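Visitor: I have a model open and some questions about its contacts. Can we go through them one at a time?

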Amino acid sequence: MANPMRIRAAAKEGVTEVRVLMSHVMETGQRKDSSGAAIPAHFITELVAKHNDKVVLNAQFGPSVSTNPYLAFKFNGGAKGDKVTVSWTDNKGESRTDEVQVA
Amino acid sequence: MRQKIIAAAIAAAAVVAAPQALASEELNFDAYRQMLADGNPAELFEMEGEELWTTARGPKNATLEKCDLGLGANVVVGAAAQMPRYFADTDKVQDLESRLMHCMDALQGIPSAEIINGSFLKGERAKVAALVAYVVGQSKGKPIQVDLAHPKMKEMYAMGEKTFYYRTGAMDFACSSCHSQDGKRIRATSLPNITTSKGAAEGWGSWPAYRVSNSQFWTMQHRLWDCFRQQRTAEPVFGSDVTIALSTFMAGKGNGHEAVWPGVKR
Amino acid sequence: MKKALLLAPLALFASVAMASDLDAKVAEMMKSSFKANGIASLDRQVQDEVQKACSSPTQPDAATMKRLEEAQLATVKWPEAGNYTGGDWQEGARIAISGRGLTWTDKTPDNNGGGCYNCHAMDPKEVSAGTIGPSLEGYGRIRGNSEEIVKYTWGKLWNAKAYNACSDMPRNGFGKILTETQIRHVMAYLFDPASPVNKQ
């Protein structure tokens, strides 16, 4: 099972800033191991962020994103105590969802 | 055609700009480090370690909540800043990793040999690293404050200092070969001058760290192990006296300076 | 009064004894804290004369330095018939750039790099050059190729400790880090007018 994300969300003057640290190998499929065999691709393909039940960000990820990706974004609205949910899905069909309350 | 010309012009500009950018920025990792400070992936390891601390594991199915890192059982805040330290219960000077290993053995029944004979980033030794991330994260912003009063601490410090200057191996290197002058570099990597208090704190206080180049979290044991590899010595044993001695020397020398825990490195 | 006089030499003796105790303990620890791995055997943990003499913040006295340097100079293998030429600067560049070899992750003790760029600037175009050693940019162009400088350079590459017993530079030839052929290539990299080291 995938490791948890680290999510921080803070509202200020009607704008909520969300910072997400994801735990993922983000293997490109281009690299080879010490015996010369290709390491299979394994990377996040899609990320969805929701404010309560409303989608505020939908992002396509690819193999050019680094290991353990960091993502920061802002959306209009949001207040202390609201729920922010972040989910990702990778090319192997694995997924992970974590949520935090806006601080 | 026109597009082609523009593209060529951009390429030329890039070529001209590159050496300057390299000279001023490529050799200075600080700006990049600042950008990463907000999203240091070491936090992922801190989270894992925090969970490990309170998870019942091992043959004794126990948590680490009875582990005493020097400030009392289960007191994690500020503990790393005061290590290595002398522990009366083991009658030994221990660094964070060897102390965690002791707790895992005593409380959880996870044999230390499994960690000592293991490999970095794998198995129980990887678990130790995650715990280290958690514990040092609880000393963020604290100054290094190592108590050298105990005779065994004094001796460890003195042995660490001697080891620092100890030349050996296939290339005659000692730690001091690279770490005894201000402002020097190996290739593009800046080297702290560990013979000064500030430099010792820079060396001691910026590890453990997340390494961006290989996406790995390295503890000080791991860092020292790779120093010795590049020094062309034989392989240091995990948690052995030489690693504790050097750690005590660096931490003691760096006393009073703030540590950046966990760090982020190229 | 007499007692005080007696005590002082005793105290001095005690601290000297403690210092040599500590040295012995450290030498023991440098063995007991390590294990052999692949080509990196425990022999590496035992110091030779030069390593031992140069393991403190201050170097030995001038007479000791001179004695050590003479012994090290005697280990230099000079090229056949005094012929220092025949190297290929392009090969030399590869050797200077590579910092590989002799770690416990290397399979064989051969095929090592010289690691020159770890510490020295050489080709002015290479930005990622270390600064522990002096810059060697324009080495041959600046120093010329008199027999004296060519011979010194060979000797320095073979055994740096022959000229400064406590030099930070590894003993490439003496320590079997580089072969004689490789040293010849590095010579070409330093002296050949066509080498980028000598371009401005």
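Visitor: Is C:Arg94 buried or exposed?
Guide: C:Arg94 has 54% relative accessibility, so it counts as exposed. The classes are buried under 20% relative accessible area, exposed over 50%, and partly exposed in between (1.4 Å probe, protein chains only). This is a predicted model, in which local features need pLDDT of at least 70 and side-chain atom pairs count only at pLDDT 80 or more, while totals for chains, interfaces and linings use all residues. Residues are numbered from 1 along each chain as its sequence is written, chains are lettered from A and ligands numbered from 1 in the order in which they are written, and side-chain values use heavy atoms, with hydrogens and water left out.

Visitor: What does C:Arg94 form a salt bridge with?
Guide: With C:Glu91; the closest N and O atoms are 3.1 Å apart. A salt bridge here is a side-chain nitrogen of Lys or Arg within 4 Å of a carboxyl oxygen of Asp or Glu. Both C:Arg94 and C:Glu91 are in helix H4 (residues 89–97) of chain C, three residues apart, about one turn of the helix. Helices (H or I, at least four residues) and strands (E, at least two) are DSSP runs, numbered from the N terminus. C:Glu91 counts as partly exposed, because its relative accessibility is 30%.

Visitor: How many salt bridges over all chains?
Guide: The search of the whole structure finds 23. One of them pairs B:Arg57 with B:Glu124, with 2.8 Å between the closest N and O atoms. That pair links distant parts of the chain, 67 residues apart: B:Arg57 is in the loop between helix H3 (42–53) and strand S1 (85–87) of chain B, and B:Glu124 is in helix H6 (residues 123–137) of chain B.

Visitor: Is B:Arg57 buried or exposed?
Guide: Buried, because its relative accessibility is 15%. B:Glu124 also counts as buried, at 15%.

Visitor: Now chains B and C. How many residues does the contact take from each?
Guide: It takes 39 residues from chain B and 48 residues from chain C, contact meaning heavy atoms within 4.5 Å. The buried area is about 4200 Å², and carbon and sulfur atoms give 57% of that. Buried area is the accessible area (1.4 Å probe) that two parts lose on being put together, summed over both.

Visitor: Which three residues supply more than any other three on chain B's side?
Guide: B:Tyr166, B:Arg167 and B:Arg187, which supply 21% of the area that chain B buries against chain C.

Visitor: And how many salt bridges across the interface of chain B and chain C?
Guide: Six. B:Arg187 meets C:Glu126 in a salt bridge at 4.0 Å, N to O. B:Arg167 forms a salt bridge with C:Asp168, the closest N and O atoms being 3.4 Å apart. C:Asp168 is in the loop between helix H7 (147–158) and helix H8 (180–191) of chain C, and B:Arg167 is in the loop between helix H7 (151–164) and helix H8 (175–179) of chain B, so the pair joins two chains. B:Arg167 is buried at 6% relative accessibility, whereas C:Asp168 is partly exposed at 31%. There is also a network of salt bridges that links B:Asp172, C:Asp48, C:Lys161 and C:Arg171.

Visitor: Switching to chains A and B. What is the area buried there?
Guide: About 910 Å², of which carbon and sulfur atoms give 53%. A:Arg6, A:Leu21 and A:Asn68 supply 48% of the area that chain A buries against chain B, more than any other three residues. The contact takes eleven residues from chain A and nine residues from chain B.

Visitor: Which residue does A:Arg6 meet in a salt bridge?
Guide: B:Glu43, at 2.5 Å, N to O. The rule finds two salt bridges across the interface of chain A and chain B.

Visitor: Over which residues of chain B does pLDDT stay under 50?
Guide: Over residues 1–26, for which the model has five contacts beyond four places in sequence. pLDDT is the predictor's confidence in each residue, from 0 to 100. Where it is low, the predicted coordinates should not be read in detail. For chain B the mean pLDDT is 90, and 88% of its residues reach 70 or more.
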